[in-house]
Amino acid sequence: MTGQGARSARNRTWTARLEYYFTGIESAFAIFGLALMLALSLVEIVLRNFLHYSIPGADVLIRHLVLWVSFLGAVMAVRERHIKVEIIAAWLPEIWHRRLERPIFLFSALVCGVIGWAAARFWYQEWLNAPAGEQWIALLSIVIPMGFVLLTLHFAMRFVIGPRARERTA
């Protein structure tokens with residue numbers, strides 16, 4: 001981290017610092033997942049085309065990596081304010097946009113929390129009923145409840161921290 005980035009991270013509130021470091025970890029996982037997915041895909045293509053061999057389970061792992069990267073991308077989209085309710089902007093004056101951001105973040109956190117809870121229950125049943133040789137696939141499927149939990153946490157942090165400034169500073 002550069003000197004400027006470190007100073008700006010120290011000058012934030014504890015909740016903003018928590019979000020800053022939390023999103024850094026998520027970004028690292030997303031980058032690692034994307035790199036692993038691309039490398040594994042490339043190795044699979046080379047092995048299948050030239051050696052007529054395939055890594056057992058690689059296609060399942062690649063499919064789950066796509067889910068992991070997609071959910072982490074959705075979490076990053078929430079963090080960068082790419083996901084928002086645009087219909088409100090069309091009908092309400094600007095002053096109401098700022099007033100409604102926190103309630104919308106709370107509503108979004110509640111919706112993602114309920115979906116995450118339902119997904120966790122579904123995943124747990126899948127885990128209990130998975131055949132012994134396929135439990136690793138069920139373990140990879142935890143991405144769906146985990147993705148919704150991460151979305152819930154980010155919406156909740158935005159609710160607590162409040163709206164960001166219109167111009168992005170860091």
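This is a predicted model: local features need pLDDT of at least 70, side-chain atom pairs count only at pLDDT 80 or more; totals for chains, interfaces and linings use all residues.
A polar contact is a pair of N or O atoms within 3.5 Å, one able to donate a hydrogen and the other to accept it.

Figure 1. Thr152 sits in helix α7, which covers residues 143–161. A polar atom of the Thr152 side chain lies 3.4 Å from the backbone oxygen of Cys112. The limit for a polar contact is 3.5 Å, so the distance of 3.4 Å falls within it. Thr152 is in contact with Ala109, Cys112 and Gly113, when neighbours within four places in sequence are left aside. Thr152 counts as buried because its relative accessibility is 18% and the limit for buried is under 20%.

**Figure 2. The aromatic pair Phe105 and Phe155.** A pair of aromatic rings is described by the distance of the centres and the angle of the planes. The count of aromatic pairs in this model comes to three. In one of them, Phe105 and Phe155, the ring centres are 6.4 Å apart and the planes stand at 35 degrees, so the pair is tilted.

**Figure 3. The aromatic pair Trp123 and Trp127.** Trp123 and Trp127 form a stacked aromatic pair, with 5.8 Å from centre to centre and 20 degrees between the planes. The two residues are four apart in helix α5, so about one helical turn separates Trp123 from Trp127. Is each of these residues buried or partly exposed? Trp123 is buried, with a relative accessible area of 14%. Trp127 is partly exposed, with a relative accessible area of 26%.

**Figure 4. His52 in the loop between α2 and α3.** His52 lies in the loop that joins α2 (14–51) and α3 (58–79). The phi angle of His52 is near 55 degrees, which is a positive value in a residue other than glycine. His52 is exposed because its relative accessible area is 71%, and exposed begins over 50%.

Figure 5. Rolling a probe the size of a water molecule over the atoms shows where empty space is left. The structure holds one cavity of 30 Å³ or more. The space in the largest cavity is about 40 Å³. Which residues line the largest cavity? Its lining is made of Trp68, Phe71, Leu72, Val143, Met146, Gly147 and Leu150. Helices α3 and α7 each supply at least two residues of this lining. The largest share, four residues, comes from α7. By class, six of the lining residues are nonpolar, one is polar and none is charged.

Figure 6. Thr15 is part of helix α2. With a relative accessible area of 13%, Thr15 is buried. The C-alpha atoms of Thr15 and Met157 are separated by 7.3 Å, although the two residues are 142 apart along the chain. When neighbours within four places in sequence are left aside, Thr15 is in contact with Val160 and Ile161.

Note on methods
Residues are numbered from 1 along each chain as its sequence is written. Side-chain values use heavy atoms; hydrogens and water are left out. Buried means under 20% relative accessible area, exposed over 50%, partly exposed in between (1.4 Å probe, protein chains only). Contact means heavy atoms within 4.5 Å. Rings of Phe, Tyr and Trp (its six-membered ring) pair if their centres lie within 6.5 Å; planes under 30 degrees apart count as stacked, over 60 as edge-to-face and the rest as tilted. On a 1 Å grid over the protein atoms alone, a cavity is a set of points where a 1.4 Å probe fits but cannot get out, and a pocket is an open set with protein on both sides within 12 Å along at least five of seven lines; lining residues have an atom within 4 Å of a point. Grid points are joined across faces, edges and corners, and a volume is the space filled by probe spheres set on the points. Ala, Val, Leu, Ile, Met, Phe, Trp, Tyr, Cys and Pro count as nonpolar, Asp, Glu, Lys and Arg as charged, and the others, Gly among them, as polar.
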